[in-house]
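Student: Could we go through how the chains of this model touch one another, one interface at a time?

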Amino acid sequence: MMDLTVNGAVARVDVDPATPLLYVLRDDLGLHGAKFGCGLGQCGACTVLVDDRPVFSCLLPVGAVGARSVTTVEGLGTATAPGDLQRAFLHEQAAQCGYCIPGMIARAEGLLRKTTTPTEDEMRAAMAPSLCRCGTHMRILRAVRRAAAMRGGGVIDSAEPVT
Amino acid sequence: MSAHASRRDVLGGLIVAFSLAPAALAQTGGGEGSGGPPTVAPDLPGTLAKFPDLDAWIRIAPDGRVTVFTGKVELGTGVKTAMAQLAADELDVALDRIDLITADTALTPNEGVTAGSQTLEQSGTAIANAAANVRLLLAETAAKQWGVAATTLFTRDGAVLDGQGRRASYADLAASTSLAVRARADVPRKPPDARRLIGRSVPRVDLPAKLTGLASYVQDMCLPGMVHARVLRGPGSGTRLAPDLAALRRQPGVGSVVQVGQFAAIVGPREWPLEQALRVANRGRWEREAALPALPALPDGLLGMRRESKVIDTRRDEPGAQGVRQLTARYDRPYLMHGAIGPSCAVALFDEGRLTVWTHSQGVEPLRQAIAELLAMPAERIRCVHREGAGCYGHNGADDVAGDVALIARGMPGVPVRLQWSREQEHGWEPLGPAMLAQLDAALDASGRIVDWRHQVWSNTHSTRPVAAGDLLAGGEMVPAFAPTPPKPIPQPNGGGDRNAIPLYRFPNQTVVSHFLPDMPVRVSALRGLGAHLNIFALESFMDELAAAAGRDPVAFRLAHLDDPRAAAVIRRAADRFGWAKYRAGPNCGRGFAFARYKNHGAYCAVALDVERIPDEGRLIVHRAVAAVDSGEAVNPDGIRNQVEGGIVQSLSWTAFEGAGHEGARRTDYDWSTYPILRFADAPRTVSVEVVDRPGKPFLGTGECAQGPTAAALANALAAATGKRSRSMPLGRHGPKLDE
Amino acid sequence: MRTGLKRAITALVVVVGVCVVVFAVIAYRPAIAEVARPDPHAFDAGLVQRGANLARLGNCVSCHQAAAGRPYAGGYPVKTPFGTVFGSNITPDAATGIGGWSPAAFRRAMREGVGRDGSHLYPAFPYTHYVSVTDRDLDAIYAFLMTRPAVRAVPPSNTMIPPLGFRPLLAGWKLLFLRPKPIATDPRQSAEWNRGRYIGETLAHCTACHSPRGLLQQEKRGAQTYDGGWSGGWYAPPINARSPAVRAWTADRLETYLRTGLSRDHAAAAGPMGPVTYNLARAAPADVRALATYYAWQMRDAPAARREPALPDRRSFATQRHLDGARLYEGACAVCHEPGAGMMVAGRPALPLGTPLHEDNPRDTIQVILKGVRPPVSARGPFMPAYGDALDDRQVAEIVAYLKMRHGTGPAWKAIKKDVAAARKEGE
């Protein structure tokens, strides 16, 4: 039995502590944002924030979370009241199949919590652990740049300034 | 759309009865867009020709909500939104009053497979015209009730008005309007100036849910009492696992083991213990399948394979034309993965003798037939419902996993089962896009004009989409095994390996030959674009080589050989926006251009790239990508841009980096580290897409139009940047040779 | 008495003064006149190609390229106990690179560690190795560098602890430690061995990571050569008779490892060794073979060369002693590293084969967990995600302790958690 702080609320779960956090989020807590993509830490579809840092929830045993706070895409906003980063993604229509996007949003949130003024290369390097197969990269980057500007910063040295 | 499907039909109490044409089996063999039932009303546009009754497409509920049915599916291309726009505009209802139901064998017209970029052409056209018909019928009902001529009435926001105060809502009128009537071919669509939504970049209706984590995919489905399953297979196509099932039964978390013939799966209440058990199972011995043909040494090995050759196009308008300069070149590409980010998944429930399968298959109707045969069940007792998966880009593991879960569910009546493949299984078992080789030969006359052209292409089939049990992996694991459907070429004008092998250019003399290779040492099927990726790579690379031989600018050279004004317009627009005329190459930089009309009857797309090849690293930077696209009437311009941007980036990944590895006939790629795809650092610095809107013109398939031109534009740009031309994909494999 | 004291002080002042003068004379290096940037087309293509090979063997680009920068344009931070030195721009840019350097200036830099303007260069640039590179090879490297794209880039300024920012002090360091040492051919060994020794001791400068260093950061010589060292927070294990590897490093295995970044009998190249193999992958195969031959010889008396021990799996014991570590491993690591995992089915080496668990300190095991293993962007190769953000120091230490107990050999590791914190800090 363990307590988890997810999106600001404490949830009690009774699972094998070795269970990766991803399955607990999806199957025990009904939070379907984080997705199973590979289970190997190679694609980022499972990305969530743990104490502001993006992590692969497929490789983080739930017993290791402890008192740290977990933030999933559901914790950043809702369909009727999306958060600013989600609004930026919606503004840019930054999705095709959309499967990778919750992981992208979580990873972008982690970047922006660290800095709202990354260089273009730093932003790309920060997002690199997350894969997109549909080729939505340009829009995802535009959304991150937009969100950085919304938070009072801005991405430096980009070939696509926010319009 | 809620993923929590109830076991009753989704319309609640509304009784649905359809006048579907008699269930003819889907076309057999290589019909990539296996078209479904036959045409019964050839005068009607789109799929109305096969399902001419309006209530197959549109229903109006007592509360005025409009349900629109489509036999196509949302794969991430945004067609759900586009079709809702079409219906909403033609009907004059608000977008949020529309509920779009996508492919469901119990509810929607059988539109075959969602493939080949035909959704708006077939289904969108049908829906737009059906909606126009319905709006007219409702107006006629009101006209009768009010004793006026229908032409004096107009519609707005879900109601018919006479302009003098009388108003009747669709909800009221629907009660006395039968939609079980045949559509009329002559009902006009809304003129362009009356459209509110069509032609506007309406935001996608499905994104708010997806971006905020609401259950949206088949992977997210959670039914009461649902159990989880994992299938046991060898590491990849061509192998067979011999699992120790008794030991697996004893693994914690394994509730039961399913075995049917050589098909085996483990089932349990939670996923993680099953993953652990799957790992234990994979320690088991596996062996190679016996009778696989040897893999040819690519690419030239394709030439030695058994083939069925066919001249698919020939012209001899100037038999006396004198060529003074001959060129020949060969181009090739390796096997490519679909590589969906989310491994294939399906959910099934067998209850009271009826089976429901929730699947992200692109073709629920043929899948239903295949499962019926696999389970020896009547198809009428099987319902396949589409739920979105991750982007599939063609025939990946979606159908196989549906077959797998159907087998498991059938043995557990009353219990919903969710089966998901592992990443390794997806990499190991999904059908690959075929390796291909094209040989181009051409002759230039003294004025630098192409006077003779020959294009030959060698390829396996580009469709083994299931139509029968033997086309599903599970079918091959039954004892005795079901035999796979023999592969057949997909005929022109769509084509398979020969898709886009016929040039759109006007050459006085040409021959196009398709060499169909029926033997498949590697499991292959449709990958987005089918043969167009390699054929346009070849054709448009060759055009550049010919332009150079003729001493002409590549863009001007193309324009000189075209007589299609829309093609010319798209080429000029892209070149102009790119700044082609005033481009000055920096060190190690180069520009490249390419154009194609997808299938020669889909969307027109021209792509220009500015790339840099960094010496010593072999790294490729795409500084700029500029494209122009003509999709006919643009229902959702931003949706078009999204598809073309995505197609450009996806094709850059395929063309520059990818190639599936084999050792003998066994795959060596089992995850993203062994089959790397483009990551953010390699994405272009900027991409811009111009949409050339043609209101009133037919919709043209767009989802696959950018892959071919991007591949060739990249080859052309790299040739300009490095002074050396590469004709073999992948173009940018890491680890440059010593002299770079 | 006072006269004696006065005389002593005078003598001292004179001696010091003489020393300062002598030192100034020794430390002084004249500037070599700037030249016009050589025409890239004037160099013989064969010479350039030879130079390209040598540059890859020397792994030059690893220190002379920043993360998001262009090859050879500098900017990579080399952390030393005395501060951080940034690799310089060695593209032929006239203003910010070495475009104005004559061949003589280049040779002096490589052999004597002196810049064109006469300033001494920090031995983070391993001229103690390059001093023995032949003239012909230096010319080839010069030709190669002068034919690269010129990049205008100014690396960040070094941040040396004062007074070490005063470069002439380096003359003193060189007096002590820079010894021109020609690499003579050993006629008892094969041509391949000799070639390997030449490359390894000069251009590839393997001792720079694989040898311990003294107080002044000089590489220790003699009996301690190749006894193991440190680079960028990672431990470079001994590559001599004290190699802790549990499988022999034969020439074949070493060649495969150096050329592909993976040995099926050991592990993937990780940390700073990754880029080394990436460059060797593109070097002349015969030269990499030569390196492998030489270093296999260096390790010919290592324990594993004589006998490859059985590798017991003390799973239950390790689980009992480190239950937390076992659970963490099960959820975070087993999916790739346990039999039945995709990569294991495909033939990747099992964990116990890798050297880290057999080294005398836990640093490499810790670093691999914190940082993962990454091939160059978009390239195929062994890949492991980084766990630095997912796991805290205690958790990493627990996994490390579990693994050591389950698979490791050699002396026990103490204070692992402290080392995790140190590894994080050094990696910043």
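Predicted model: local features only at pLDDT ≥ 70, side-chain atom pairs only at ≥ 80, totals over all residues.

Student: How many residues of chain B are in contact with chain C, and how many salt bridges are counted between them?
Tutor: On the chain C side, 35 residues take part, and they are in contact with 36 residues of chain B. One of the salt bridges joins the side chains of B:Glu612 and C:Arg70, with 2.5 Å from N to O. The count between chain B and chain C is 5 salt bridges.

Student: Which element gives the largest share of the side of chain B that touches chain C?
Tutor: The elements that give two or more residues to this side are helix H6 (271–281), strand E22 (604–614) and strand E23 (619–630) of chain B. The largest share is 3 residues, and the element that gives it is H6(B).

Student: What area do chain B and chain A bury between them?
Tutor: The contact takes 61 residues from chain B and 57 residues from chain A. Carbon and sulfur atoms carry 55% of the buried area, which in total is about 5,000 Å².

Student: Which residues of chain B lose the most area to chain A?
Tutor: Three residues together account for 18% of what the chain B side buries there. They are B:Leu211, B:Trp272 and B:Phe680.

Student: How many salt bridges does the rule find across the interface of chain B and chain A?
Tutor: In one salt bridge, the side chains of B:Asp638 and A:Arg139 meet at 3.0 Å, N to O. Across the whole interface of chain B and chain A, the number found is 8 salt bridges.

Notes:
Residues numbered from 1 in each chain as written. Chains lettered and ligands numbered in written order. Heavy atoms only, no water. Contact = heavy atoms within 4.5 Å. Salt bridge = Lys/Arg side-chain N within 4 Å of Asp/Glu carboxyl O. Helix = DSSP H or I, 4+ residues; strand = E, 2+ residues; numbered from the N terminus. Buried area = accessible area lost by both parts, 1.4 Å probe.
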